[in-house]
Structure formats: C-alpha cells, structure tokens
Amino acid sequence: MGSERMEMRKRQMSVQQESVAGTTAPAQNEQPGQGNRGSNACCFCWCCCCSCSWNEDREERNRRASYDFKAEGNADFEESLNPTAEEVLLWGQSFDKLMHCPTGRSAFRQFLRTEFSEENMLFWLACEEFSKETNKSVIEERARIIYEDYVSILSPKEVSLDSRVREVINRNMLEPSSHTFDDAQLQIYTLMQRDSYPRFMNSQVYKTLLKTVPEQLVES
C-alpha cells in the first residue's frame with residue numbers, strides 16, 4: 001500500500017507539474033505578443049518620427065514659401081509703382097538703366113509675362129537677393145531653392161542656360177556661396193538684354209507709357 005501511495009503521489013505531482021507548465025506556456029507565448037506590442041510601440045515611435053518629419057517638411061515649405069514671397073514680392077511691390085516721365089525716357093536709353101529702375105523692372109516684368117518668360121526676371125531678382133546673403137546655412141538653403149526653382153530641368157520655371165553654365169552651377173553647388181549663380185545670372189541678364197529688351201521697346205506697353213511723357217521732355 002505504501003508503495004502504491006508513493007506511486008500515486010508521484011503521478012499527482014507529475015500532473016500538477018504538467019498543468020503548471022501548461023499555464024506558464026501562454027505566458028511564454030505572450031513574449032512575442034509583447035514583442036508585437038513593442039513593435040506597435042515602435043510603430044508608434046515611427047509614426048511620431050513621421051510626424052516629426054512631416055513637421056520638418058512643413059517648416060521647410062514655410063521657409064521656402066517665405067523666401068519665394070520675398071523674392072517675388074519685391075517684384076510685386078515694384079509693379080505697384082507708377083513711373084515718372086523721366087524714368088520712362090531713361091528706359092529707352094539702355095537696358096542697364098531700365099534694370100536699375102524699380103518701375104522699369106516692373107514694366108519689363110509685365111511685358112515678359114505676356115511672352116511667357118517672366119521666370120527670367122524672377123530668377124534674376126532671386127539671384128540679386130541671394131548675392132547679398134552672408135549666412136552660410138542660409139546660403140546653402142537658398143542655393144538649393146533657386147536651383148530647384150529655376151535650374152532644374154524638372155521645374156516649370158526653368159530658365160534657359162547653356163551646358164557650360166550648368167556645369168559651373170553643379171560644381172558650385174558642392175559648396176554653395178553667394179557667387180554660386182553669378183554666371184547664370186549674367187547669362188539670363190544678357191539674354192533679356194539682347195532678346196526681350198528690343199521687343200519691349202517696340203511693344204504697346206512701352207508705347208503707351210511714352211504717350212504719358214510731355215512733349216517738351218521728349219524733344220529735350
């Protein structure tokens with residue numbers, strides 16, 4: 001009897017151990033689940049990172065929009081100015097005098113818009129503003145913006161630059177400076193001077209402005 005009881009006792013203990021093992025197994029199996037929760041937590045962190053990235057992108061878009069507004073806003077402000085008779089006459093003397101006059105740039109930009117080449121003036125203005133910058137980090141950021149807006153072949157506002165100037169810009173973009181777009185700005189300036197300026201002088205826009213000039217000033 002003693003031996004039988006001992007045998008039954010062993011069986012009961014083995015059964016209890018198996019039941020305990022059965023109850024602990026799910027807990028062990030929950031480890032992957034916890035891993036899933038960790039994964040979810042990671043996923044949450046990833047979402048947060050995405051949110052941060054999105055916020056950074058939004059800040060970048062805001063900075064970009066602010067710069068674009070500053071570059072194009074100057075020209076928009078110029079458009080609100082009314083030229084004097086003396087200024088209108090000066091425009092006819094040389095392209096340099098036209099471009100040095102805010103109202104001249106305004107009238108010329110309006111003309112370029114009718115020829116679907118306004119981006120030339122916008123690029124020139126952006127380069128003018130860019131060349132005055134001294135902060136290195138701002139220079140790098142604005143150089144990239146100008147490149148994407150006016151030099152990249154994917155941009156709808158791409159300006160016409162020859163291969164030599166494009167190669168110069170690409171080299172300069174490795175380490176941008178306030179002179180990164182000097183060659184390109186000069187080429188676009190020359191293009192407007194040789195191509196667009198003569199047509200502007202013969203355009204109805206300029207002829208209409210000339211009519212506002214008193215005859216005594218024209219004769220003098």
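Is serine 178 buried or exposed? I began with this residue, which lies in the loop between α7 and α8, and I found that serine 178 counts as buried because its relative accessibility is 16%. The cut-offs I used are under 20% relative accessible area for buried and over 50% for exposed, with partly exposed in between, for a 1.4 Å probe and protein chains only.

**Basis of the entries**

I am working from a predicted model, in which local features need pLDDT of at least 70 and side-chain atom pairs count only at pLDDT 80 or more, while totals for chains, interfaces and linings use all residues. I number residues from 1 along each chain as its sequence is written, and side-chain values use heavy atoms, with hydrogens and water left out.

**Whole chain**

I listed 10 helices and zero strands in the protein chain, taking helices (H or I, at least four residues) and strands (E, at least two) as DSSP runs numbered from the N terminus. Of the 220 residues of the chain, 32% count as buried. I then looked at contacts, meaning heavy atoms within 4.5 Å, and noted that among those with a separation of 6 or more, 64% come from residues 24 or more positions apart.

**Serine 178, continued**

Leaving aside neighbours within four places in sequence, I found serine 178 in contact with Phe130, Ser131, Glu133 and Ile139. One of these, glutamate 133, forms a salt bridge with arginine 142 at 3.2 Å, N to O, where a salt bridge is a side-chain nitrogen of Lys or Arg within 4 Å of a carboxyl oxygen of Asp or Glu. Both glutamate 133 and arginine 142 are buried.

**Helix α4**

For its 13 residues the span should be 18 Å, and the end C-alpha atoms are 19 Å apart, which agrees. The buried residues of α4 are Thr103, Gly104, Arg105, Ser106, Ala107, Phe108, Arg109, Phe111 and Leu112. Just after α4, I noted that phenylalanine 116 takes a positive phi of about 60 degrees.

**Packing of α4 and α5**

Two packed helices are described by the angle between their axes and the distance between the axes. I took axes as lines fitted to C-alpha atoms, for helices over the stretch in contact, with angles running from 0 to 180 degrees between N-to-C directions. For α4 and α5 the angle is about 140 degrees and the axes are 7 Å apart. That makes α4 oblique to α5, given that angles under 35 degrees count as roughly parallel, over 145 as roughly antiparallel, 65 to 115 as roughly perpendicular and the rest as oblique. On the α4 side the contact is made by Arg105, Phe108, Arg109, Leu112 and Arg113, and on the α5 side by Glu118, Met121, Leu122, Trp124 and Leu125.

**Packing of α5 and α6**

Helix α5 (residues 118-130) and helix α6 (residues 136-151) pack at about 170 degrees with axes 11 Å apart, and I therefore recorded α5 and α6 as roughly antiparallel to each other. The contact is made by Glu119, Leu122, Phe123, Ala126 and Phe130 of α5 together with Ile139, Arg142, Ala143, Ile146 and Tyr150 of α6.

**Salt bridges**

Arginine 164 lies in helix α7 (residues 163-172) and aspartate 183 in helix α8 (residues 182-201), so the pair ties together parts that are 19 residues apart in sequence. Arginine 164 counts as partly exposed at 48% relative accessibility, and aspartate 183 is partly exposed at 35%. Salt bridges that share partners join Arg109, Arg113 and Glu118 into one network.

**Isoleucine 169**

My last entry concerns isoleucine 169, which lies in helix α7 and is buried, with a relative accessible area of 1%. Leaving aside neighbours within four places in sequence, I found isoleucine 169 in contact with Tyr147, Val151, Leu161, Thr180, Phe181 and Ala184. Isoleucine 169 and threonine 180 are 11 residues apart in sequence and 6.2 Å apart in space, C-alpha to C-alpha.

Technical notes. The expected span of a helix is 1.5 Å times one less than its number of residues.
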